Amino acid sequence: MCQVDEDYDSLLERHVVASDTKKCNKCKETTAALILKPGETFCRCCFKDHFVHKFRAMLGKNRIIFPGEKVLLAVSGGSSSCAMLNQVQQGLSQKAHKKLRFKPGIVYIDEGCVLGQSLEERQKTMAQIQSLFKRAGFPYHIIPLEMVLNLPSSVLEPVHVATDDPAGNYKVAVDHFMQTNPGHFLDSNTQVDQSEPSLLTDGTVPQLIDEAQTQILQELFSMVKTLTAKEDLLHTLRRHVLVSTARAEGYSKLMLGENCTRLAVKLLANIAMGRGAQLAVDTAFSDPRYGDIVAVRPMRDYTAKEISLYNYMCNVPSVFIPSLETKTTDKSSIQRLTESFVVKLQGDFPSTVSTIYRTSEKLQTANFTEDIATVSLKCLLCMCTLETTLGETSAFQATLISEQLSQHICRITNLAIGSHVPSHSLLCINCCLLFFSCSRGGDSMNLESFLCYSCQQTVKDMTSVKFLPQYIMSEAQRRNRRSQMRHEISEFLLNEDQDSTSIKAES
C-alpha cells in the first residue's frame, strides 16, 4: 500500500546517457556538441561546415543570382537576417571554398513609428544597426518607414524583363564574369566603399524623418481595428519600400532572411487569411511578382533552432527590435496564434516544421512573365495575381454572395424598424440585390475591386482609407479610369478567340 511519507525518487530516476558517449553523426569521431533533433548530432566544426554548405548549396542549386549582380540584403537585425549577412560576408572572403560572385548591399527599414517608439529610442536602435552594418563592410541604407508616403506609383507597376537576354545561360555568365573580373573577390578585412547615400549622419540623427509623416503613418495604423490586419499592412508597406529602394539603387535581387520555421508559420497563417492562391509565391525560394526585382529566400532551409545555435557558436551579433506581436497573447492575431501552434507542436513533434515546409515545396509557382504587363490583373497591395478566372460556382464567389446578402438583410431590417436611411442607400440596396456589386463607400469600395481576397479583408478592417499612401490611391484611380475606358469601348474590342478566328479567316 502507498505511504504518504514514502520516497519514490529512487524508483523514478531516469537513466541519462552521458554526453561523452554521443559522437558526431558526420565525422563519427569528435564528441557531439549539439543535437538538432533526435538522431542528428554534430560537433562544432561539422555543424559550421553543414550550415555554410546549406546556404551556398541553396544559391548554387537555384542559379537565380548571376555573377556580378547587385543584391540587396534586407536585414531587420534579427537572428535569421544577421546569420544571412554573416554567410554572405564569409562567402565573399578570400578564404571561402566556393566564393560568392555578386555585389551585396544592405538595407534596414526602421518601423519605430508604427511601434510607438520615441525619437530617442529609434535613434538608439539605428545606431546599433549602423554599427552592425559598418562591421560588415558593405554599402548600407537605413530608411525610416515614413518614406513609404513619398514612393512613386511606379512601385506598383511590375517591370517586364526580356527573356531573350544573352546572359540567360548561367554557365556562360559565370565564364564571362571570371574572364572579365579575375580579381573580384573581397578579403574578409577589406572595407567596401561606403560612399553611397545613407539616411544617417555620423551623429546617427535621422535627417529624413518628418514628424508630420510620422503622425500620418500612426493615424493610418490607428484606423486598423485588428492586429492581424496591422501586421499584414505593415508587411505590405515594408515590401514596397524594399522594392523601391532596390530599384532606385540599381539592385536586381532582394535577399530576405525568412527561415524554415517562419515560412511554415506563414504558410498556415496565409491559408487562414485567404491567401491560398499566393502560397507558392509567398513561400518559394524566388518571388518574381515585381518583374525586375526578384526576391530570394536563401535561409528557407534553416530552422530557427539551427540559426540560434549557429549565431551562439560563431558569435554572430544581432539587435533585438520589438515588433507588433511583442508581449501580445497567443490569440491576439492570426499570425501570432499560428506561430504559437506551430512552435508548441514542434516541441512535441520535431518533424512538424519540416513537414509543413516540404508541403510548401510541392506548390507550383505561377508564371509571372507572361502577364507581367497586365497590371490590372495584379492586386494593388500585394501585387499577386487576382482571382479573375474563378467561376460563378467557386467558393470565393459563394463567400462574396453570402457576405453581401447578410449586409443587405441588415439594411432591410433597419428600414423595417424605421431607422433613418439616406435615399442613396435605398438605391444601393436594390442594385446590390440584383447585381451583387456596388460602388458605394467611396474610395474603400473602389479599392476592393483591385485587391485580392486577403487584402480586401485588410482594407475592410480599416475604419477609413484616407491615410493610405498617395501612390496607392493614385494607382487605384489610374486603374479605375482605364477600367472605365475599357468598358466604354468594349464593344469595339476583339477578344483573343475572335482575334484568332479573324486571323485564320484572313489566311
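Contact here means heavy atoms within 4.5 Å. Helices (H or I, at least four residues) and strands (E, at least two) are DSSP runs, numbered from the N terminus. Axes are lines fitted to C-alpha atoms, for helices over the stretch in contact, and angles run from 0 to 180 degrees between N-to-C directions.

Hi everyone! This is a predicted model, where local features need pLDDT of at least 70 and side-chain atom pairs count only at pLDDT 80 or more, while totals for chains, interfaces and linings use all residues. Residues are numbered from 1 along each chain as its sequence is written, and side-chain values use heavy atoms, leaving out hydrogens and water.

Strand 4 (residues 103–110) runs parallel to strand 5, joined by 5 bridges, and Tyr 108 sits opposite Ile 142 in strand 5.

Now, two helices together. Helix 9 (residues 260–272) and helix 12 (residues 334–348) have axes that come within 9 Å and cross at roughly 130 degrees. The pair is therefore oblique, the class left over once angles under 35 degrees count as roughly parallel, over 145 as roughly antiparallel and 65 to 115 as roughly perpendicular. Among the residues that meet are Val 265 and Leu 268 in helix 9, and Ile 334 and Val 342 in helix 12.

Note on methods
Two strands pair if DSSP finds at least two bridges between them.
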